[in-house]
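Subject: Handing over the structure we spoke about

Dear colleague,

I am passing on a structure for you to look through, together with some notes on what turned up in it.

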There are 2 protein chains.
Amino acid sequence: MRYLCVISYDGTNYAGYQVQPNKVTIQSTIEQALKMIHKGKSVLITASGRTDARVHAVGQTFHFDTTLTIPIENWKRALNALLPDDILVKEVKQVADDFHARYDVTAKTYRYLVFNQREHDPFQRNYNYHVRGKLDIEAMQKACEYLIGEHDFSAFCAAKAGVKGSKVREIYHASCEKEEGKIVFTFTGNGFLYNMVRIIVGTILEIGTGRYPAEKLKRIIDSKQRAEAGKTVPPQGLYLSKVHYQSDFH
Amino acid sequence: MRYLCVISYDGTNYAGYQVQPNKVTIQSTIEQALKMIHKGKSVLITASGRTDARVHAVGQTFHFDTTLTIPIENWKRALNALLPDDILVKEVKQVADDFHARYDVTAKTYRYLVFNQREHDPFQRNYNYHVRGKLDIEAMQKACEYLIGEHDFSAFCAAKAGVKGSKVREIYHASCEKEEGKIVFTFTGNGFLYNMVRIIVGTILEIGTGRYPAEKLKRIIDSKQRAEAGKTVPPQGLYLSKVHYQSDFH
């Protein structure tokens with residue numbers, strides 16, 4: 001039987017999502033818990049995709065296969081009992097045997113939180129990016145609009161990414177909202193290149209400070225040159241918010 | 001010249017407030033920053049009192065003496081530039097030479113945060129205490145009222161505390177409020193015994209679950225026996241909220 005899990009995690013203390021030798025990752029921690037439930041037998045999990053060190057998730061997904069006949073409502077309880085409290089299983093559901101947590105993704109939503117006050121907040125340091133200066137929210141909103149649609153996002157892909165394939169992705173939604181001292185960026189698209197959200201936010205923030213006009217964003221997309229875009233903002237502001245599937249599965 | 005500082009800190013990564021050999025504490029971190037400002041000369045700081053490992057502060061105070069003639073507005077900037085971002089200096093002011101951050105305290109306010117939802121929140125684990133079950137807020141509010149006034153709080157003092165002096169303290173304010181899935185306890189008093197707030201909250205929570213009636217709190221105070229009170233709730237829900245001085249100083 002194949003199960004799909006929806007999880008939240010605070011990425012602060014993890015070396016990212018994917019298993020790496022001698023490092024504690026989200027994947028290795030969950031596989032450890034599943035191994036205990038399976039009395040020592042290893043179980044591999046397949047996520048919708050990776051997240052980097054210190055990046056958070058409130059709606060990451062993964063699937064796994066099992067021959068155990070545990071009632072569906074007990075899976076969530078068993079996993080949460082074994083997982084550390086910076087990972088929470090929010091939902092477990094049975095899916096078709098050919099469902100795939102990565103290949104079947106139709107879209108993903110990411111959020112990026114900027115803490116925009118003069119003084120930083122010691123309790124927020126791992127959960128957003130602190131930007132001290134005044135930001136022009138309207139200019140940033142306008143810049144977001146240029147992202148919507150199908151574009152070659154080469155300018156917003158980490159140089160070291162080594163992605164051989166197409167860098168064309170479609171963005172369905174891109175917005176930027178002010179919420180009590182915070183600025184919340186939200187992006188939904190059919191796929192994101194390595195570091196794409198963090199480079200987009202870094203670029204839009206340069207528009208927010210007034211360094212560039214909003215229209216500059218369109219010119220940067222067209223240039224397809226990483227050097228034209230802004231810096232990569234730090235990981236702790238980034239949240240994988242939701243992984244979308246066809247409604248049959250999720 | 002003597003300066004008084006008001007600071008916030010996230011206590012998660014510290015072995016408490018007070019300097020201890022080979023441990024990173026709030027005090028040692030601040031003294032390190034002051035030493036850099038004083039070009040290698042050690043500067044001792046005197047706080048309003050200690051906080052335990054993992055306990056937070058949003059209004060801790062300390063004083064220090066210096067012969068440096070830095071303009072007052074630069075002290076805060078210099079300290080914040082050198083401190084890690086889980087400690088924030090909120091205010092620096094010059095005080096009289098005989099002002100004392102501990103001896104001159106007239107009252108302290110502590111808050112304790114309980115996260116009261118069925119599922120824990122992975123992003124909140126270091127910032128409150130998760131209590132799953134339903135809590136009777138009215139019974140807990142009633143229990144808080146028994147604390148107000150001057151009492152011998154021996155029943156609410158950690159056994160290992162070894163305080164030889166009087167265990168009589170006066171509580172000016174004690175309350176318990178519900179705020180979107182959280183329960184916030186607030187206590188103001190002229191002084192608090194070791195672990196007193198955490199034992200009081202542990203006891204009131206047993207009233208909240210319905211294990212004891214609210215009146216039991218009065219009987220526990222009167223007993224003066226630690227064994228009669230509830231368990232000590234964990235440190236990460238506790239915040240030193242404000243240190244009160246005579247208005248001349250602060």
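Predicted model: local features only at pLDDT ≥ 70, side-chain atom pairs only at ≥ 80, totals over all residues.

Residues are numbered from 1 along each chain as its sequence is written, chains are lettered from A and ligands numbered from 1 in the order in which they are written, and side-chain values use heavy atoms, with hydrogens and water left out.

Chain A overall

The secondary structure of chain A consists of five helices and 10 strands, where helices (H or I, at least four residues) and strands (E, at least two) are DSSP runs numbered from the N terminus. The C-alpha trace of chain A spans about 60 × 40 × 35 Å along its principal axes. Its radius of gyration is 19 Å, which agrees with the value near 18 Å that a compact globule of 250 residues would have; this radius is taken over C-alpha atoms, and the globule rule is 2.2 Å times the number of residues to the power 0.38.

Of the 250 residues in chain A, 53% are buried, and buried means under 20% relative accessible area, exposed means over 50%, and partly exposed lies in between (1.4 Å probe, protein chains only). Chain A exposes about 11700 Å², of which carbon and sulfur atoms supply 47%; accessible areas come from the Shrake-Rupley method with a 1.4 Å probe, and for residues only the protein chains shown count as cover. Among the contacts (heavy atoms within 4.5 Å) in chain A between residues at least 6 apart in sequence, 72% join residues at least 24 apart.

The domain assignment of chain A gives domain 1 (2-95) and domain 2 (110-241), with bounds that come from an automatic or database domain assignment. The C-alpha centres of domain 1 and domain 2 of chain A lie 28 Å apart, and 13 residues of domain 1 are in contact with 11 residues of domain 2.

Two residues of chain A

A:Ala47 lies in strand 2 (residues 46-47) of chain A and, at 6% relative accessibility, counts as buried. Leaving out residues up to four places away in sequence, A:Ala47 touches A:Tyr17, A:Gln60, A:Thr61, A:Phe62, A:Ala101 and A:Arg102.

A:His173 is found in strand 8 (residues 168-179) of chain A, and with a relative accessible area of 35% it is partly exposed. Not counting residues up to four places away in sequence, A:His173 touches A:Ile148, A:Thr186, A:Phe187 and A:Thr188.

Residues of chain B

B:Thr61, in strand 3 of chain B, is buried, with a relative accessible area of 1%. Its contacts, apart from residues up to four places away in sequence, include B:Leu4, B:Thr46, B:Ala101 and B:Tyr245. The C-alpha atoms of B:Thr61 and B:Ser8 are separated by 9.0 Å, although these residues are 53 residues apart along the chain.

B:Val201 sits in helix 4 (residues 196-208) of chain B and counts as buried at 0% relative accessibility. Once neighbours within four places in sequence are left aside, B:Val201 is in contact with B:Tyr112, B:Phe185, B:Phe187 and B:Val233.

B:Asn126 is placed in the loop between strand 5 (107-115) and strand 6 (129-130) of chain B, and at 10% relative accessibility it counts as buried. Leaving aside neighbours within four places in sequence, B:Asn126 is in contact with B:Thr12, B:Arg54, B:His56 and B:Gln236.

One of those partners, B:Arg54, is in the loop between strand 2 (46-47) and strand 3 (56-65) of chain B, and it is partly exposed at 31% relative accessible area. Phi of B:Arg54 is near 75 degrees, a positive value in a residue other than glycine. Most residues other than glycine have a negative phi. B:Glu180 also has a positive phi, near 35 degrees; B:Glu180 is found in the loop between strand 8 (168-179) and strand 9 (182-189) of chain B, and is exposed, with a relative accessible area of 80%.
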